[in-house]
Amino acid sequence: YLWLAGELTGNMAETVHAVLDRVRMYWASDSRKGVISFRSPLEIWAENPTFLLAEVMFFTWAALTMKHALRSGGRFSQLWCAALLHGLVTELLSYTLPDVDNFWHFRGMAMLFNGRLPLYITILYPCFYYTGYAAVSRLKLSLFLEPFAFAISVVLLDVPYDILGVKMLWWTWHDTDPNLYDRTYYVPWTSYMFHLTFASTFLLILNTSRALLTYGEGEKGEGATSRGGCAGFVSVVLAGCLSMPLAVLSQMLPAYNFPHDVYGVHTEVLLWMLLGTYILLAWIGERTSGSEARSSGSESASSRRHRNTEICVALMVYYVFIGTVLLLARPESYSSTGLHQTLGNCSVIGHTTNVLGQKLPKQAFLCASSYDEPFSLLCANATHPATGGASYYTICGTSFPNIAEYKCIIIAACTLGAVVYYQLLFRSGMKAQKQKKN
């Protein structure tokens, strides 16, 4: 990773020193805090009850998907583990590499990496990825086309979470980072592009490596029954560790960095081009998948419900949670005390280096007098007032600019996701049966 980052930025020594400085900064103060720190749920509830409920919801979701994975075994359990590793690697690299360190999370019940990474974020990846795969696998798509349908299913889950989460102060973005500047409802368009490209690359690596290591015997059925567990372990490690850099080089560079950073094409245009390509590829795969990808009349409704139980419950928990927060929450009454973008001189200009080696300008600090974020720095009874030079301070939420519009977009996203998942889970083929050992 250091070699790749150094090659992309054109300055190996500078990149290595920057990364090592960050690692030392995270670990120097308190080694125990650097590994994990805890916070009282009562303290979180008093500051922002929606975040505490989000943590509980994701832990419940993760437990349900893990139960389904253990019951299904094989490629399903491997995918769950690979998604967990992929999430951990992606998040830790984001805090370590200076050019992608551009977001800060709310302080949760358990925080990793010196207070930067909430524990629930590490299991968010298995929640989204496993749920999407458990549904999309019923389409019986080819190894090459399945990742694109899978990525779409992941983004369908992410859209309401992203729109609602940033408004509820579950995290904050860098205000002027050029990779995050084009936004809708305060969510960068690149967030959806990252989910599409990272998810598709992840499954492509997992599918391909498993097929190659088992000579094609592991691509069908519940699990790879030959070559022992070694092939599965290698596939998990490859998918977990290589998805992020390969996604950046193979997809984000041609689909985003080149047209956006060189020619100034708006990120929204690029997202719809990328999403349209994914939909087309998934549709082509679905049209050629054969009769086994269709619902069988021989399968009873009770049997279908049984094999989908954990996934259906998880989706219901998620959508009920999103709907409850949307209808009842009042973001203007919430606050977030923790790490945020450092406040400072508005005239100081820094830069971020993209994968093409270009240095793109951005404000080095958050300008207290001029910023465009869904929070306020003027908080009554702030435990840590936002003062110049501070990176640990209190922010408070703001009311919905148009609550009816937020309800429309989030309810529409949830409805679309629910309908798509219903079709995948209940109107598609039966889940592949476990292969018998010879």
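This is a predicted model: local features need pLDDT of at least 70, side-chain atom pairs count only at pLDDT 80 or more; totals for chains, interfaces and linings use all residues.
Let's start with ring pairs. Searching the whole structure turns up 33 aromatic pairs. Two of them are set out here:

| Pair | Geometry | Centre to centre | Angle between planes |
|---|---|---|---|
| Tyrosine 95 and phenylalanine 103 | tilted | 5.6 Å | 55° |
| Tyrosine 125 and tyrosine 129 | edge-to-face | 6.0 Å | 70° |

Phenylalanine 103 comes in at 11%, and it counts as buried because the cut-off is under 20%.

The edge-to-face pair sits within one helix: tyrosine 125 and tyrosine 129 are both in H7, which spans residues 119-136. They are four residues apart there, so about one helical turn separates them.

Now for a ring with a charge over it. Lysine 167 lies over the face of phenylalanine 400, with 5.8 Å to the ring centre.

Out on the surface, there's a nonpolar patch made by Phe258, Val262, Tyr263 and Leu356. Is tyrosine 263 itself buried or exposed? Its relative accessibility is 61%, and because exposed means over 50%, tyrosine 263 counts as exposed. As for where it belongs in the fold, tyrosine 263 is part of helix H10, which covers residues 228-263.

Definitions and conventions
Residues are numbered from 1 along each chain as its sequence is written. Side-chain values use heavy atoms; hydrogens and water are left out. Patches are made of residues with over 30% relative accessible area and no salt bridge: like charges are joined within 9 Å, nonpolar side chains (Val, Leu, Ile, Met, Phe, Trp, Tyr) within 5 Å. Accessible areas come from the Shrake-Rupley method with a 1.4 Å probe; for residues, only the protein chains shown count as cover. A salt bridge is a side-chain nitrogen of Lys or Arg within 4 Å of a carboxyl oxygen of Asp or Glu. Helices (H or I, at least four residues) and strands (E, at least two) are DSSP runs, numbered from the N terminus. Buried means under 20% relative accessible area, exposed over 50%, partly exposed in between (1.4 Å probe, protein chains only). Rings of Phe, Tyr and Trp (its six-membered ring) pair if their centres lie within 6.5 Å; planes under 30 degrees apart count as stacked, over 60 as edge-to-face and the rest as tilted. A charge sits over a ring if NZ of Lys or CZ of Arg is within 6 Å of the ring centre and within 35 degrees of the ring normal.
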